[in-house]
Amino acid sequence: MQKDIIGQSVKGTIDRPIGSHHPKYNDMIYPVNYGYVQGIYAEDGEQQDVYVLGVDEPISSFEGIVIGIYHRFNDVEDKWIVSVDNRNYSDEEILKKISFQEQYFKGELIR
C-alpha cells in the first residue's frame, strides 16, 4: 500500500463513468466515476484504480487529490479515493459512495 500517496495530486482516465454498468456484472451500476491513474501500476499489474468524488455527472478524465485508500484484505489491489472538488469527504461519506462495489470485499479505509 502506498500510504504516502494521500494528499498528492493525480490525474487519469475514467473508464466507467457514473451510470455505466460493470463489465462483468451487468446489474452493478456505477454511482461515482471510476477509472485509473495513468502510469501508476497497482499490485494486480494494471493501472491504479480510483473512485472519483466531487462531480455528479459522467466525465472522461480527472485531476484531483488522493484523500484516502480503500485497502482490501481479500484482494491484491487497493482503490484510491480522489476528490476533484478539493473537499475532504468524511469516512462515512466515502464508504457510502464506494459501498456499491466494496460491499463484496473485506477492507478498511486508510486516511
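Reader: On what basis are the values given?

Author: The model is predicted, with local features needing pLDDT of at least 70 and side-chain atom pairs pLDDT 80 or more, while totals for chains, interfaces and linings use all residues. Residues are numbered from 1 along each chain as its sequence is written, and side-chain values use heavy atoms, without hydrogens and water.

Reader: In which sense do strand 1 and strand 2 run?

Author: Strands are DSSP runs of E with at least two residues, helices runs of H or I with at least four, numbered from the N terminus; two strands pair if DSSP finds at least two bridges between them. Strand 1 (9–16) and strand 2 (33–41) run antiparallel, joined by four bridges. Threonine 13 has tyrosine 36 of strand 2 as its bridge partner.

Reader: How many bridges link strand 2 and strand 3?

Author: Six bridges join strand 2 to strand 3 (residues 47–53), again in the antiparallel sense. Tyrosine 41 is the bridge partner of glutamine 47 in strand 3. Five residues separate the strands of this hairpin, where glycine 45 has a positive phi near 85°.

Reader: Is asparagine 86 buried or exposed?

Author: Buried means under 20% relative accessible area, exposed over 50%, and partly exposed in between (1.4 Å probe, protein chains only). Asparagine 86 counts as exposed because its relative accessibility is 70%. This residue lies in the loop between strand 5 (79–83) and helix 1 (91–102), and has a positive phi of about 60° although it is not a glycine.
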